Amino acid sequence: MPGIDARTVELHYKLHHKPAVVAANKAEEALAKARESNDFSLVKFYEKELAFQLSSHLLHSIYWTNLGGKGGEPTGNLARALASSFGSFAKFKAHLAAASVAVEASGWGVLGYHPVTQKLMILQCENHQKLTAWGVQPLLLVDVFEHAYYLRYQNRRAEYVNKLFDIVNWDNVAQRLELARGAP
Ligand code: MN
């Protein structure tokens with residue numbers, strides 16, 4: 001696949017996404033035990049774990065489905081929504097790429113739909129759970145943790161981000177927008 005090599009995807013899934021699922025389950029179990037025993041001494045730790053690890057799982061699950069497409073430009077409702085929210089597809093792309101490249105340390109560039117404003121918005125997420133806006137529905141995600149690109153791109157995050165646009169599956173993003181618009 002242009003943009004991302006198979007080894008990166010394999011390591012990314014096995015060593016980063018999958019362990020997050022295990023850790024999220026562990027945090028839920030630990031919190032259930034805390035309620036049972038009425039011992040909340042580690043509640044802060046496990047609440048933080050739950051937010052971080054579950055968010056990692058959710059974002060990665062979307063990221064995989066966003067990729068494997070032919071890039072280019074979207075059409076239909078998604079194209080209209082992008083133009084309406086950001087001025088044009090080119091402006092949207094420049095904005096999302098810049099936000100992704102500029103994430104401090106590890107995180108995600110996020111295109112999301114907000115049901116309250118009924119608009120698309122771009123967010124710059126740190127780690128997996130910080131700097132979000134409550135209620136936003138992620139539609140297209142750019143993983144900028146180094147594990148997402150370091151094998152092929154080393155420190156060239158901007159190059160990775162730009163190449164990622166060549167393999168976006170816009171049908172998947174469009175479908176997510178339709179679902180999000182239907183969401184309460
Ligand atoms: Mn990742």
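1. Let's start with Ser106: leaving aside residues up to four places away in sequence, it touches Cys125, Glu126, Asn127 and Phe145 (contact means heavy atoms within 4.5 Å). Ser106 sits in the loop between H4 and S1; helices here are DSSP runs of H or I with at least four residues, strands are E runs of at least two, and both are numbered from the N terminus. With a relative accessible area of 22%, Ser106 is partly exposed. For these labels, buried is under 20% relative accessible area, exposed is over 50% and partly exposed is in between, using a 1.4 Å probe and protein chains only. The C-alpha atoms of Ser106 and His147 are separated by 9.4 Å, and the two residues are 41 apart along the chain.

2. A word on what you're looking at. This is a predicted model, in which local features need pLDDT of at least 70 and side-chain atom pairs count only at pLDDT 80 or more, while totals for chains, interfaces and linings use all residues. Residues are numbered from 1 along each chain as its sequence is written, and side-chain values use heavy atoms, with hydrogens and water left out.

3. Now the metal. Which residues coordinate the manganese ion? His12, His60 and His147 each do it through NE2, and Asp143 through OD, at 2.0 to 2.1 Å. Along the chain, the donors of the manganese ion are spaced as H-x47-H-x82-D-x3-H. His12 is buried, at a relative accessible area of 2%. Donors are N, O and S atoms within 2.8 Å of the metal (3.2 Å for Na, K and Ca), and sites may look incomplete because water is not among the atoms.

4. On to the sheet. It is an open one of 3 strands, in the order S2-S1-S3, with antiparallel pairing (strands pair if DSSP finds at least two bridges between them). S2 and S3 are at the edges with a single partner strand each, so one side of each has no neighbour in the sheet. From one strand to the next, the twist averages 20°. As for S1, 8 of its 8 residues are buried.

5. S1 and S2 are joined in the antiparallel sense by 8 bridges. Trp108 has Cys125 in S2 as its bridge partner, and Leu111 stands opposite Ile122, also in S2. On the S3 side, 6 bridges join S1 to S3, again antiparallel. There, Gly112 is bridged to Pro138 and Tyr113 to Gln137.

6. A few backbone spots are worth a look, given that most residues other than glycine have a negative phi. Gln118 has a positive phi of about 55°, in the turn of the hairpin that S1 and S2 form with 4 residues between them. Ala105 has phi near 60°, also positive; Ala105 is in the loop between helix H4 (89-101) and strand S1 (107-114). Is Ala105 buried or exposed? Exposed, with a relative accessible area of 59%. Asn127 has a positive phi of about 55° and is found in the loop between strand S2 (119-126) and S3. Asn127 counts as partly exposed, at 22% relative accessibility.

7. Last, the helices. Helix H7 (residues 170-182) lies across S1, S2 and S3 and runs at about 150° to S3; axes are lines fitted to C-alpha atoms, for helices over the stretch in contact, with angles from 0 to 180 degrees between N-to-C directions. H7 also packs with helix H2 (residues 43-66), at an angle of about 130° and with axes 8 Å apart. That makes H2 oblique to H7: under 35 degrees is roughly parallel, over 145 roughly antiparallel, 65 to 115 roughly perpendicular, and the rest oblique. H2 makes the contact with Ser61, Ile62, Thr65 and Asn66, and H7 with Asn172, Val173 and Arg176. These divide into 2 nonpolar, 4 polar and 1 charged, where Ala, Val, Leu, Ile, Met, Phe, Trp, Tyr, Cys and Pro count as nonpolar, Asp, Glu, Lys and Arg as charged, and the others, Gly among them, as polar.
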